Amino acid sequence: EQICFVLRKGLVLSFQERPGDVLDPIRERIRKDLGRVRRSGSDYLLYALLDVIVDQYFVIVEDLGRRIEELERKVMNRPGNEDLLTIQELRGLLITVNRYVTPTRELAGRLNSIQSTLIDKSTRRYINDLQDHTVYIAETIGTFREMLSSLENTYHAGQNMRMTQVMKLLT
């Protein structure tokens with residue numbers, strides 16, 4: 001889902017495609033007056049909204065990492081024909097997640113470097129952490145893509161080795 005934000009002094013507007021999403025915890029904190037969200041400015045609210053989105057990226061990336069590790073164990077022990085399809089599926093998911101993370105990373109970088117009265121000095125450290133998290137996620141995605149490429153090479157090497165054994169047996 002695409003989400004757009006507009007930041008003004010004392011105001012954050014968000015535009016979403018559909019209701020019910022990862023922003024619900026922030027709405028709940030506002031309703032129940034929990035944490036700093038209600039007491040801080042609109043810049044902190046924007047940070048909190050972006051942070052909850054980035055936290056969801058962590059959940060997705062951790063799940064993909066777990067799936068890649070399981071696939072790696074399977075390919076190393078007993079590869080099957082479906083493993084190549086799984087590798088391609090995971091690679092596609094990583095590309096999709098990266099497509100969502102990249103704009104968030106760029107936005108965090110711009111918010112961190114912009115000189116504006118809309119961003120309070122006390123909020124900058126949070127935005128800096130947000131930028132660090134998005135960079136970490138992007139680097140993790142890159143690492144996972146490399147792991148999948150290596151895993152695909154391992155799969156093909158195993159298939160070639162089995163094919164060679166069959167050819168030897170047939171000759």
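**Notebook: contacts and outline of a predicted chain**

I searched the whole structure for salt bridges and found ten. I count a salt bridge when a side-chain nitrogen of Lys or Arg lies within 4 Å of a carboxyl oxygen of Asp or Glu. This is a predicted model, so I note the limits: local features need pLDDT of at least 70, side-chain atom pairs count only at pLDDT 80 or more, and totals for chains, interfaces and linings use all residues. Residues are numbered from 1 along each chain as its sequence is written, and side-chain values use heavy atoms, with hydrogens and water left out.

**Entry: K74 and its partners**

I looked up K74. Its side chain meets that of E82 in a salt bridge, 2.5 Å from N to O. K74 also bridges to D83, at 2.9 Å from N to O. Next I checked cover. I use buried for under 20% relative accessible area, exposed for over 50%, and partly exposed for what lies in between (1.4 Å probe, protein chains only). K74 is partly exposed at 34%. E82 is partly exposed too, at 41%. D83 is buried, at 1% relative accessibility.

**Entry: a bridge between helices**

I turned to E152 and R91. They form a salt bridge, with the closest N and O atoms 2.9 Å apart. The pair links distant parts of the chain: E152 is in helix α4 and R91 in helix α3 (residues 82-113), 61 residues apart. I take helices (H or I, at least four residues) and strands (E, at least two) as DSSP runs, numbered from the N terminus. E152 counts as buried at 17%. R91 is buried as well, at 18%. I also noted a network: salt bridges that share partners join E28, R31 and K32.

**Entry: rings**

How many aromatic pairs does a search of the whole structure find? I got four. Rings of Phe, Tyr and Trp (its six-membered ring) pair if their centres lie within 6.5 Å; planes under 30 degrees apart are stacked, over 60 edge-to-face, and the rest tilted. Y47 and Y126 have ring centres 5.3 Å apart and planes at 35°, so I log the pair as tilted. This pair also joins distant parts of the chain: Y47 sits in helix α2 (residues 42-77) and Y126 in helix α4 (residues 121-170), 79 residues apart. Y47 is buried at 11%. Y126 is buried at 17%. Ring pairs link Y44, Y47 and Y126 into a cluster.

I then looked at Y44 again. The charged end of R36 sits over the Y44 ring, 4.5 Å from its centre. For this I need NZ of Lys or CZ of Arg within 6 Å of the ring centre and within 35 degrees of the ring normal.

**Entry: a nonpolar patch**

Which residues make the nonpolar surface patch of about 320 Å²? I list V6, L11, L13 and F15. Patch residues have over 30% relative accessible area and no salt bridge; nonpolar side chains (Val, Leu, Ile, Met, Phe, Trp, Tyr) are joined within 5 Å, like charges within 9 Å. Areas come from the Shrake-Rupley method with a 1.4 Å probe; for residues, only the protein chains shown count as cover. Strand β2 (residues 11-16) gives the most to the patch, with three residues. L13 lies in strand β2 and is partly exposed at 36%.

**Entry: the whole chain**

I counted four helices and two strands. From the N terminus, the elements run β-β-α-α-α-α. The radius of gyration is 22 Å, well over the 16 Å that the globule rule gives for 171 residues, so the chain is more spread out than a compact globule. That radius is taken over C-alpha atoms, and the rule is 2.2 Å times the number of residues to the power 0.38. The C-alpha atoms fill a box of roughly 80 × 30 × 25 Å along the principal axes. Of the 171 residues, 33% count as buried.
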